[in-house]
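Here is a note for a colleague who is opening this structure for the first time. Please read the points with the model on screen.

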Amino acid sequence: MDQHPDCSTQAAMNLAELLIRVGNDRDLVWELIVIFKKKSPLLMSQLKESVALGDTNRVETICHVLTGMLSCIAATRAAALAGQLEQMGREGRTLGLSDALTPFEQEVAKLLPELDGFTLEAKL
Amino acid sequence: MKILIADDDEMSRRLLERTLEHEGYGVISVENGRVALEQLSLPDGPRMALLDWMMPELDGPGVCQEIRRQHDRPYVHLVLLTSRVSKQDVVAGLEAGADDYLTKPWDPAELTARLRVGQRILQLEDRLVEARETMRFKASHDPLTSLFNRGVILDLLARELSRTRREKGCTVVMLGDLDNFKSVNDSYGHAVGDEVLREIARRLLDSVRSYDFVGRYGGEEFLVVLNNCDSAQAIARAEEVRMGIANHQVQTMRGPLHITMSLGVLASRNWDRRVVEEILIETDLALYKAKADGRNCVRLAEPPVLCAVPRADSVTS
């Protein structure tokens, strides 16, 4: 199984890096987060289902999309974990796929409140 | 400058759009490779493109391959965007026809710097194409009149000769010579003579169809090749050319001049095995006859030689 760092105390989204990348355009960050929150639930459930079925092709495709989306909002660790799953899918590896999914789901679960926090702050 | 973004990921697309719009690009955004190819294949399509590697219907390398097969359009600078970082992938992307390669997540400063490199390459390509076209024009056209030069008009005549023979069609050849042109140069100077030649060239072009050929054969001699022109119409067409010159004075820096042209005409449905040189000799003989008959007239180079129009005055001013 691929290793992942213990980052339980670190933020899931590197907001500072993201703001630099978008030229401090908070409206754009808000827009990206809205798109992510709209699209990610379906992708996560499709991923879970594909892992359960051992459909590595689908795992690769879904994780490729998720990697890109997570990279866009500087969710570096989640993107790396999605990238690991994508690689396993590409290699057709079913062994360890479920184990690799768990930390990814945990990281995304940690990310969502941070995204909510940003959007709430943006509204105020 | 227009730039195409092709990415099936809405977030990535939005991020790219905003970054590139901020840099002053006109952004066209699409979400699959097939539509990207359609956009890039348009006559006035974008000359730069950022292509995601994995896309529905046609992937980024696939778009690159298709674009590189199109040799008849201006160069397009193609940049692949992907999270794939292995050397094997980089090589595959470049071999597919990409000019550059950026890994996700991309850095905005690096992205815009690389696109500026692309712009410089495109500008260089444009200058090369422009220089090539200028050279091509100079090599094939007369610098004073911008008509085809002697070598090219003779090549075109030879080509028409072959086509006429092959298709059993008809081509008309006219050899025109300005009457008493030496006196224009002697009386008014060569600058006025050049003005006259330029104006005559313009009128010759105006008097023929877009697919006919007009060339400067010598000093004040012009060769006109009329494709698919019925021999019965040869005299009438030559008369139009003659009158287009004789009926309107040429405006020059030294005042209006009355210029006329004599023309020898050869028309045939079947030139058998006659070569260009023989055809030119026959046409030249007809021109000589037109000169001998008093100038400003048309003579046909087939027996019986016809006089279409009575002579008129030559150059007067």
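1. Chain A. From the N terminus on, its elements run α-α-α-α-α. That is five helices and zero strands. Helices (H or I, at least four residues) and strands (E, at least two) are DSSP runs, numbered from the N terminus.

2. Ground rules. The model is predicted; local features need pLDDT of at least 70, side-chain atom pairs count only at pLDDT 80 or more, and totals for chains, interfaces and linings use all residues. Residues are numbered from 1 along each chain as its sequence is written, chains are lettered from A and ligands numbered from 1 in the order in which they are written, and side-chain values use heavy atoms, with hydrogens and water left out.

3. Burial and contacts in chain A. Of its 124 residues, 46% are buried. Buried means under 20% relative accessible area, exposed over 50%, and partly exposed in between (1.4 Å probe, protein chains only). Take the chain A contacts with a separation of 6 or more: 68% of them join residues 24 or more positions apart. A contact means heavy atoms within 4.5 Å.

4. Surface of chain A. The chain exposes about 6200 Å², and carbon and sulfur atoms supply 56% of it. Accessible areas come from the Shrake-Rupley method with a 1.4 Å probe; for residues, only the protein chains shown count as cover.

5. A loop residue in chain A. A:Asn24 lies in the loop between helix H1 (15–21) and helix H2 (26–53). Its phi is positive, near 60 degrees, and it is not a glycine. A:Asn24 is exposed, with a relative accessible area of 52%.

6. Aromatic pairs. Over all chains, the structure holds two. Rings of Phe, Tyr and Trp (its six-membered ring) pair if their centres lie within 6.5 Å; planes under 30 degrees apart count as stacked, over 60 as edge-to-face and the rest as tilted. One pair is B:Trp53 with B:Tyr101, edge-to-face, at 6.4 Å centre to centre and 80 degrees between the planes. B:Trp53 sits in the loop between strand E3 (48–52) and helix H3 (60–69) of chain B, and B:Tyr101 in strand E5 (residues 100–103), so the pair ties together parts that are 48 residues apart in sequence. B:Trp53 and B:Tyr101 are both buried.

7. The other pair. The rings of B:Phe148 and B:Phe213 have centres 6.3 Å apart and planes at 70 degrees, so this pair is edge-to-face. It links distant parts of the chain, 65 residues apart: B:Phe148 is in the loop between helix H5 (108–140) and helix H6 (150–167) of chain B, and B:Phe213 is in strand E7 (residues 213–216). B:Phe148 is partly exposed, at 23% relative accessible area. B:Phe213 counts as buried, at 13%.

8. Strand E6 of chain B. How many residues of E6(B) are buried? Eight of the eight are, so the strand is largely enclosed by the rest of the structure. Both faces are covered. One side has B:Thr171, B:Val173, B:Leu175 and B:Asp177; the other has B:Val172, B:Met174, B:Gly176 and B:Leu178. In a regular strand the side chains alternate between the two faces of the sheet.

9. Partners of E6(B). Two strands pair if DSSP finds at least two bridges between them. Eight bridges join E6(B) to strand E11 (residues 261–268), and the two run antiparallel. Here B:Val172 stands opposite B:Ala267. Six bridges join E6(B) to strand E8 (residues 221–226), also antiparallel. There B:Asp177 stands opposite B:Glu221.

10. Helix H7 of chain B. In H7 (residues 181–188), B:Phe181, B:Val184 and B:Asn185 are buried. They cover an arc of only 95 degrees around the axis (taken from the directions from the helix axis to the C-beta atoms), which puts them on the same side of H7(B). The face turned away carries the exposed residues B:Lys182 and B:Asp186. The buried residues of H7(B) pack against strand E6 (171–178), helix H8 (190–207) and strand E10 (255–257) of chain B. B:Gly189 follows H7(B), with a positive phi near 95 degrees.

11. Backbone points in chain B. The peptide bond from B:Lys104 to B:Pro105 is cis, with omega near -5 degrees. B:Pro105 lies in the loop between E5 and H5. B:Lys168, in the loop between H6 and E6, has a positive phi of about 50 degrees although it is not a glycine. B:Lys168 is exposed, at 67% relative accessible area.
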